[in-house]
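Here is my note on the model, point by point. Please keep the structure open while you read.

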Amino acid sequence: MLELVVKRLVLSIPTLFLVTLMVFALQKLLPGDPITAMAGEERDPEVIQMLRDKYHLDDPIPSQYFHWLGNALRGDLGVSLRTQEPVMKLIASKLPVTMELSLLSMIIALAIGISMGVLAAVRKGTWVDYSANIVALSGISIPNFWLGVLLILVFSVKLQWLPASGYVPFSEDPLQNLKTLLLPSLVLGTGLSAVLMRHTRAAMIAIMKADYIRTARAKGLLSKKVILKHALRNALIPIVTLTTLLFGELLGGAVLTEQVFTIPGFGKMIVDSVFNRDYAVVQGVVMVVAIGFLFLNLLADVLYVLINPRMRNA
């Protein structure tokens, strides 16, 4: 297990380097100048030149990249051009919000998606299977922003059970924190559960046709034990991969959902940073998200081995 972890960590180093290189190069293709945009109409040439020298914007692009990379390796991701706050501070203030929203959304997605997928596979061809597929297709087809507005109208405006927008930190009021995140988590979780349901159903149907499942049934094992212990355990391997990828996407920020519910997470911050050409924030957020993806892939590899010990020598 330790050898697997070390090997994956070593492979992640060039991957992370390429990600930072691509992001730095692509954002240079954006039209406009960040200093000029920040200065607005009152553009003092001396002040603009001073800012360009301060942020090394007149240096050659390779020099700018390695200057930023060197600082990043020391834990310094630069300063936001807009707010003049350290990027690490901005990320530290937004990351817990996105992490909490992502975790709650993922719990809802796994609970609904896997249970519906197993039921649909076991009851293949029945009304349960057809109903689950209709629900899954609806979850995939309905836009998040439309579902978010609909939930606000029902649960916030009509029933007045939950707040329509805003965010309260968990440290201030745990109950209010849950109330503010429940609706956006349902919006994100239902969409993800539809994807998980379809993949769980397909994996379970393939596993249920395997010889060892027929052997287990022939031995007289209870149907519940065959499904949960033998079939579902092996069907979870592709689901683990899908779950880590979906969770990584959530960490990148659910832009529309955060906008609808006014959640101050990664999504809104990175969109504002791109429009404002706040390069340091964009690079910092992308680097953190890339590290998150690499960690999730490592976690998936470890879970593979725990679910199926035969993969230890793979």
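**Notes on the helix packing**

1. Confidence first. The protein averages a pLDDT of 78, and 89% of the residues score at least 70. pLDDT is the predictor's confidence in each residue, from 0 to 100. This is a predicted model: local features need pLDDT of at least 70, side-chain atom pairs count only at pLDDT 80 or more, and totals for chains, interfaces and linings use all residues. Residues are numbered from 1 along each chain as its sequence is written, and side-chain values use heavy atoms, with hydrogens and water left out.

2. Confidence by element. Helix 5 (residues 87-122) has the highest mean pLDDT among the elements, 86. Helix 2 (residues 34-39) has the lowest, 63. Helices (H or I, at least four residues) are DSSP runs, numbered from the N terminus.

3. Helix 5 against helix 8. These two pack at an angle of about 35°, with their axes 5 Å apart. Axes are lines fitted to C-alpha atoms, for helices over the stretch in contact; angles run from 0 to 180 degrees between N-to-C directions. The contact residues of helix 5 with helix 8 divide into 22 nonpolar, eight polar and two charged. Ala, Val, Leu, Ile, Met, Phe, Trp, Tyr, Cys and Pro count as nonpolar, Asp, Glu, Lys and Arg as charged, and the others, Gly among them, as polar.

4. Helix 5 against helix 6. Helix 6 spans residues 127-141 and packs on helix 5 at about 145°, with the axes 8 Å apart. The crossing of this pair is left-handed. From helix 5, Met116, Leu119 and Ala120 meet Val128, Asp129, Ala132 and Val135 of helix 6. Contact means heavy atoms within 4.5 Å. By class, six residues are nonpolar, none polar and one charged.

5. Helix 7 against helix 8. The axes of helix 7 (residues 144-158) and helix 8 (residues 174-208) come within 10 Å and cross at roughly 140°. The two helices are therefore oblique to each other. (Under 35 degrees counts as roughly parallel, over 145 as roughly antiparallel, 65 to 115 as roughly perpendicular, the rest as oblique.) Helix 7 contributes Asn144, Leu147, Gly148, Leu151, Phe155 and Ser156, and helix 8 contributes Leu183, Leu186, Val187, Leu188 and Thr190. Seven of the contact residues are nonpolar, four polar and none charged.

Note on methods: Left-handed = near helix turned anticlockwise from the far one by under 90°.
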